[in-house]
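Thanks for coming. I will take one structure today and go through how its parts are arranged.

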Amino acid sequence: MATDSILITGSSGTIGTALAEALLDEGYEVIGVDSRPNRWSDTVDERTHVADLANKSALDELSESPDRIVHLAANARVHHLVENPALAKENLDTTYNTLEYARRTDTDLVFSSSREVYGNTGKIIYDETDTYVDECESPYTASKIGGEALVKSYEKCYGIETSIVRFSNVYGKYDASNRVIPLFIAQADRGDDLTVYGEHKVLDFTYLDDCVSGIIKLHSRFNKATGSTFNIASGQGTSLVEVAELIADSVNPDVDVHTEPNRTGEVGRYVADISKAEKILNYDPSYDVQTGLEAAIDWYLSRPELFETILD
């Protein structure tokens with residue numbers, strides 16, 4: 001095993017929880033850090049240090065140093081950061097503090113970025129070179145572009161081995177937020193019509209298990225991945241209207257789907273070119289949007305107590 005101990009920041013979140021569980025299953029030691037306890041897994045919660053990563057000394061309180069860091073922690077809701085851009089500064093502070101810890105302990109780092117860094121250039125399919133700071137759409141985007149720049153600077157200035165992964169619309173279990181897929185499932189279950197912001201919006205929806213698989217494959221091939229950036233997504237585009245209709249048909253066929261104009265700061269068309277991850281990491285997503293939504297819907301419908309939180 002190339003890496004025995006992995007520190008996951010944001011370990012109580014959707015990706016963090018699933019990644020921690022998968023790594024534990026494969027025999028890795030996992031250290032979690034999050035601003036809140038893990039509500040989904042007692043096993044992960046036992047390994048979670050509750051700390052505010054905006055505090056520069058938060059990671060110094062760890063009793064052991066990891067072999068690698070996966071930095072997932074972030075305020076990740078684009079619209080929330082449009083409404084409160086101070087949350088974007090918090091993302092940058094958190095990334096800086098995590099990088100400083102990596103520098104002090106000489107620890108490898110994987111940084112989780114987002115397809116938001118590609119902006120709205122008029123393209124549909126994007127590879128890893130298609131980033132333009134002039135196309136920055138929102139404070140959240142700025143926090144990810146800035147985070148990537150910080151990561152690269154620490155790599156070049158201080159010799160920290162790093163890799164960047166860009167995720168796209170990750171969905172599945174372990175999410176009680178009002179992100180679009182859990183929100184649509186909860187609304188359809190309640191009998192509410194669904195509203196799509198962006199009639200022509202086409203996005204790359206990534207099932208959680210595929211996202212986690214991509215991160216683990218990067219770990220196992222880190223000697224080939226270091227210094228590189230990868231799109232970890234499905235590689236397939238689906239209209240948000242189609243997603244809403246699939247959810248409505250499965251959960252409550254009496255629900256209608258309506259459209260409104262795209263909201264400020266949101267990318268309207270994005271499909272990931274995943275060929276680099278396929279070639280270097282042997283990344284091979286297993287879920288299309290149909291099978292992924294079926295699994296997600298089953299998970300949420302078996303936990304209706306989450307809907308009150310999602311709809312709040």
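In which hand does α6 pass α11? The crossing of α6 past α11 is right-handed. Before I go further, please keep in mind that this is a predicted model.

Let me stay with that pair of helices. Helix α6 covers residues 180-190, and it packs against α11 at an angle of about 60 degrees, the axes being 10 Å apart. That angle makes α6 oblique to α11. On the α6 side, the residues that meet α11 are Ile181, Pro182, Ile185 and Asp189. They meet Leu293, Ala296, Ile297, Tyr300 and Leu301 in α11. By class, this contact of α6 with α11 has eight nonpolar residues, no polar ones and one charged.

Next, the sheet. Seven strands form an open sheet, and its order is β3-β2-β1-β4-β5-β7-β12, with parallel pairing. At the edges are β3, residues 48-50, and β12, residues 229-232, each of which pairs on one side only. From one strand to the next, the twist averages 20 degrees.

As a reminder, strands of a sheet pair through backbone hydrogen bonds, either parallel or antiparallel.

Now two of those pairings. Strand β2, residues 29-34, pairs with β3 in the parallel sense over three bridges. If you want a position to look at there, Asp34 stands opposite Val50 in β3. The pairing of β1 with β2 is also parallel, over five bridges. In that pairing, Thr9 stands opposite Val33 in β2.

How many of the residues of β1 are buried? Five of the five are, so β1 is largely enclosed by the rest of the structure.

Which helix lies across β1? Helix α1, residues 14-25, does, and it also lies across β2, β4 and β7. Relative to β1, helix α1 runs at about 170 degrees.

Helix α1 has a helix partner as well. Its axis and that of helix α7, residues 208-220, come within 10 Å and cross at roughly 60 degrees. With that angle, α1 is oblique to α7. The crossing of α1 past α7 is right-handed. From α1, the contact uses Thr14, Ile15, Ala18, Leu19, Ala22 and Leu23. From α7 it uses Leu208, Cys211, Val212, Ile215 and Ile216. The residues of this α1 and α7 contact divide into 10 nonpolar, one polar and no charged.

Helix α4 is residues 86-105 and helix α5 is residues 139-158; their axes come within 9 Å and cross at roughly 15 degrees. Why do we call them roughly parallel? Angles under 35 degrees count as roughly parallel, and α4 and α5 are therefore roughly parallel to each other. The crossing of α4 and α5 is right-handed. Among the residues of α4 in this contact are Leu92, Tyr96, Glu100 and Arg103, and among those of α5 are Tyr140, Gly146, Leu150 and Tyr158. By class, the contact of α4 with α5 has 10 nonpolar, five polar and two charged residues.

Asn169 is in the loop between β7 and β8. Asn169 is not a glycine, yet it has a positive phi of about 45 degrees. Its relative accessibility is 21%, so Asn169 counts as partly exposed.

Asn282 is in the loop between α10 and α11. Asn282 also has a positive phi, about 60 degrees, although it is not a glycine. At 44% relative accessibility, Asn282 counts as partly exposed.

Asn252 lies in the loop between α9 and β14. Is Asn252 buried or exposed? At 18% relative accessibility, Asn252 counts as buried, because buried means under 20%. Leaving aside neighbours within four places in sequence, Asn252 is in contact with Ala188, Gly191 and Ile247. Asn252 and Asp192 are 60 residues apart in sequence, and their C-alpha atoms are 9.3 Å apart in space.

That is what I have; I will take questions now.

Note on methods:
Residues numbered from 1 in each chain as written. Predicted model: local features only at pLDDT ≥ 70, side-chain atom pairs only at ≥ 80, totals over all residues. Heavy atoms only, no water. Pairing = 2+ DSSP bridges. Helix = DSSP H or I, 4+ residues; strand = E, 2+ residues; numbered from the N terminus. Axes fitted to C-alpha atoms, helices over the stretch in contact; angles between N-to-C directions. Contact = heavy atoms within 4.5 Å. Parallel < 35°, antiparallel > 145°, perpendicular 65-115°, else oblique. Left-handed = near helix turned anticlockwise from the far one by under 90°. Nonpolar A, V, L, I, M, F, W, Y, C, P; charged D, E, K, R; others polar. Buried < 20%, exposed > 50% of the residue type's maximum accessible area, 1.4 Å probe, protein only.
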